[in-house]
Amino acid sequence: MAQDRIGLYRDSMNDNPLLAKSQLGRPLKRGFSLPPDDFTYGRPNTGKDGGTAEAMGNWNAALPSMTSKPGEQKRDRDFIGLNRAAIKAGLVTSGEHYHFRANHDIRRKMSPSENKIRTRRIPPDMTFGISTRPSTPVFDLLEHKYQDRWLQQRRLTELTNREKQQKKILNGNIYETRASLLRKYSPVVEAPPLWHMPRFERVHPHLETFRSPEARKLAFRAHSHDATSRTGVFGHGIYAAAKS
């Protein structure tokens with residue numbers, strides 16, 4: 001019922017997908033004309049297929065021609081040599097050069113590097129392939145050595161980057177000022193001396209209990225070293241009892 005039409009129905013309408021109607025239970029046709037049912041799809045195999053016997057008995061290889069010299073087919077034409085030979089022959093126009101190239105042929109000579117590659121000999125005891133990667137040490141994984149190495153490398157890279165940035169800043173004609181120098185280094189400020197009455201400034205002590213200034217320094221140094229274990233505000237008391 002789906003194929004019933006009113007009017008003239010031509011065969012060319014089957015090639016138009018807009019006019020084609022889908023049959024019940026079948027997909028819509030795209031308007032392509034297909035070969036008959038007994039047609040075999042695919043590409044014919046014209047090559048010889050004799051199996052293993054033919055593969056072992058024959059070897060199809062491109063053999064070089066007997067008239068050409070070995071390695072001549074792989075060489076390119078030497079246009080520089082052709083132009084030089086044409087100029088030596090007295091040819092100057094483009095047409096004369098064209099006819100000279102058509103009648104003469106000069107091939108490019110092989111360089112010493114190409115000859116070395118061609119005459120290369122592989123040793124008989126050579127092993128081909130990729131070497132096996134060594135096993136990963138388990139102790140290094142457990143001790144986090146790879147992490148430590150990575151951190152050290154990162155620190156080194158950061159230090160090198162900082163040095164490069166400082167060099168760039170110095171090379172950029174940026175001069176140091178007093179404020180920038182004070183930010184980098186703070187000078188030591190000496191404490192002011194204690195206040196004394198003017199009449200006692202030049203008075204020397206009447207009593208000196210130390211034999212020499214060196215002995216006085218040693219005594220005060222020993223006192224400051226031992227004051228931590230004594231009682232009192234200034235460490236002048238007896239030794240403090242040990243806490244149990």
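Phe 210 is partly exposed, with a relative accessible area of 28% (buried means under 20% relative accessible area, exposed over 50% and partly exposed in between, using a 1.4 Å probe and protein chains only). Before going further: this is a predicted model, where local features need pLDDT of at least 70, side-chain atom pairs count only at pLDDT 80 or more, and totals for chains, interfaces and linings use all residues. Residues are numbered from 1 along each chain as its sequence is written, and side-chain values use heavy atoms, with hydrogens and water left out.

A pair of aromatic rings is described by the distance of the centres and the angle of the planes. The structure has two aromatic pairs (rings of Phe, Tyr and Trp, the last by its six-membered ring, pair if their centres lie within 6.5 Å; planes under 30 degrees apart count as stacked, over 60 as edge-to-face and the rest as tilted). Phe 39 and Tyr 41 make an edge-to-face pair, at 5.1 Å centre to centre and with 85° between the planes. Of these two, Phe 39 is partly exposed at 43% relative accessible area, while Tyr 41 is exposed at 57%. Phe 210 and Phe 220 form the tilted pair, with 6.2 Å centre to centre and 40° between the planes. Phe 210 sits in the loop between α7 and α8 (213-226) and Phe 220 in helix α8, so this pair ties together parts that are ten residues apart in sequence. Phe 220 is partly exposed too, with a relative accessible area of 46%.

## The chain overall

Count up the secondary structure and you get eight helices and zero strands (helices, H or I of at least four residues, and strands, E of at least two, are DSSP runs numbered from the N terminus). Along the sequence the pattern reads α-α-α-α-α-α-α-α.

As for burial, 5% of the 244 residues of the chain count as buried. Take the contacts between residues at least 6 apart in sequence, and 22% of them join residues at least 24 apart (contact means heavy atoms within 4.5 Å).

Asp 140 lies in helix α5 and counts as buried, at 14% relative accessibility. Leaving out residues up to four places away in sequence, Asp 140 touches Lys 145, Tyr 146 and Arg 149.

His 144 is in the loop between α5 (138-142) and α6 (145-171). His 144 has a positive phi of about 60° despite not being a glycine, and counts as partly exposed at 48% relative accessibility.

## Ser 180 in α7

Helix α7 (residues 178-184) holds Ser 180, which counts as buried at 14% relative accessibility. A polar atom of the Ser 180 side chain lies 2.8 Å from the backbone oxygen of Thr 177.

## The largest pocket

How much space lies in the largest pocket? About 430 Å³. On a 1 Å grid over the protein atoms alone, a pocket is an open set of points with protein on both sides within 12 Å along at least five of seven lines, and lining residues have an atom within 4 Å of a point. Grid points are joined across faces, edges and corners, and a volume is the space filled by probe spheres set on the points, with a 1.4 Å probe.

The lining comes to 18 residues, with Asn 14, Lys 29, Arg 30, Gly 31 and Phe 32 nearest the centre of the pocket. By type, the lining divides into seven nonpolar, six polar and five charged residues (Ala, Val, Leu, Ile, Met, Phe, Trp, Tyr, Cys and Pro count as nonpolar, Asp, Glu, Lys and Arg as charged, and the others, Gly among them, as polar).

Key. Polar contact = N/O pair within 3.5 Å; in protein donor to acceptor, adjacent residues only side chain to side chain.
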